Amino acid sequence: MSVTTVRPRVSRRLHTKLHYRLQRYAVEALCMTLGFLIVVWSITPIYNMWLIALNEHSAIFSGALWPEAPTLEAFRVVIHEDFWYLERFWHQFGNSFYVGLMVMFLTLFIGSLASFTVGRMRLRHGWMLTNAALMTYVIPASFLAIPIYRIMQIYNLSNHLSSVILALTTFATPYAIFIFSQYGKSIPMELDESARIDGANPFQIYFRIYLPLMAPALVAVGTYALLLAWNEYLYNFLLLSSPDSMTVAVALAQFLNSDESPWNFMMATAIIYAMPPIILYYGFRRYMAAG
């Protein structure tokens, strides 16, 4: 092979490598730019919450990107309930916590039992149960608000925390059944058969074998159910009316009823209210990733 033939081939290879590198760098630069814009877009509302919460009420609409005289007075007012809208803040915070825990527990209990019955007990036509559960999501939750409100009135459950718990459990359970059914397929049936040979009944298999092996899925679905209940506003607003039965999500909206809304107190309340889900997420992040 002559030198004149080799040189054009080498030149083409170098040109191809250079073109590939430039294309890769361009794609990486575009992805980094897009990622940066998404991060800024996501952080801006959170930063704005802190900015307002750290400002005095008179300086909220000053337009400054940083509080000139940052103060924690708004957080002190919220913690000590020193504002008339915050007179029952910790009681309402407890209501939110109770609703979230109950929705999480009922969702996990009903969903895991249903998936165990369908997947491990070999229920005939059990697949219809999981498919029917998912079909409930065809109807948006907002369309069911008035019928559920009417049902709670008929059974004298309106203005009780149990009404919100039952409504939100209804929306979270179908998702739990589907996830548990899919995750349960990864657990070998031989474990159940071995337990039956050793004399275990279905309840012992459920509590001692099925639930421990389902831990990642339980954490993931439990977190989903808790966050669903924690962030819910529509059903809390419809079903809870008295200050003693309200959750924080509904109580926050009461700040807008006055002529001059205390935005710094509102943002401080929202930040404190957002802390438990953040702590929960980072505390169980490893299990959620596995689930």
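Tutor: Buried means under 20% relative accessible area, exposed over 50%, and partly exposed in between, with a 1.4 Å probe and protein chains only. This is a predicted model, in which local features need pLDDT of at least 70 and side-chain atom pairs count only at pLDDT 80 or more, while totals for chains, interfaces and linings use all residues. Residues are numbered from 1 along each chain as its sequence is written, and side-chain values use heavy atoms, with hydrogens and water left out.

Student: Which class do Tyr206 and Tyr210 fall into, buried or exposed?

Tutor: Tyr206 and Tyr210 are both buried.

Student: What makes the pair of Tyr206 and Tyr210 stacked?

Tutor: Rings of Phe, Tyr and Trp (its six-membered ring) pair if their centres lie within 6.5 Å, and planes under 30 degrees apart count as stacked, over 60 as edge-to-face and the rest as tilted. The ring centres of Tyr206 and Tyr210 lie 6.2 Å apart with their planes at 25°, so this pair is stacked.

Student: Why is the pair of Phe116 and Tyr206 called edge-to-face?

Tutor: A search of the whole structure finds 17 aromatic pairs. In the one formed by Phe116 and Tyr206, the centres are 5.4 Å apart and the planes stand at 65°, so the pair is edge-to-face.

Student: How do you know that Phe93 counts as buried?

Tutor: Phe93 has 13% relative accessibility, and therefore counts as buried. Phe93 also belongs to one aromatic cluster with Phe89, Trp90, Phe97, Trp230 and Tyr273.
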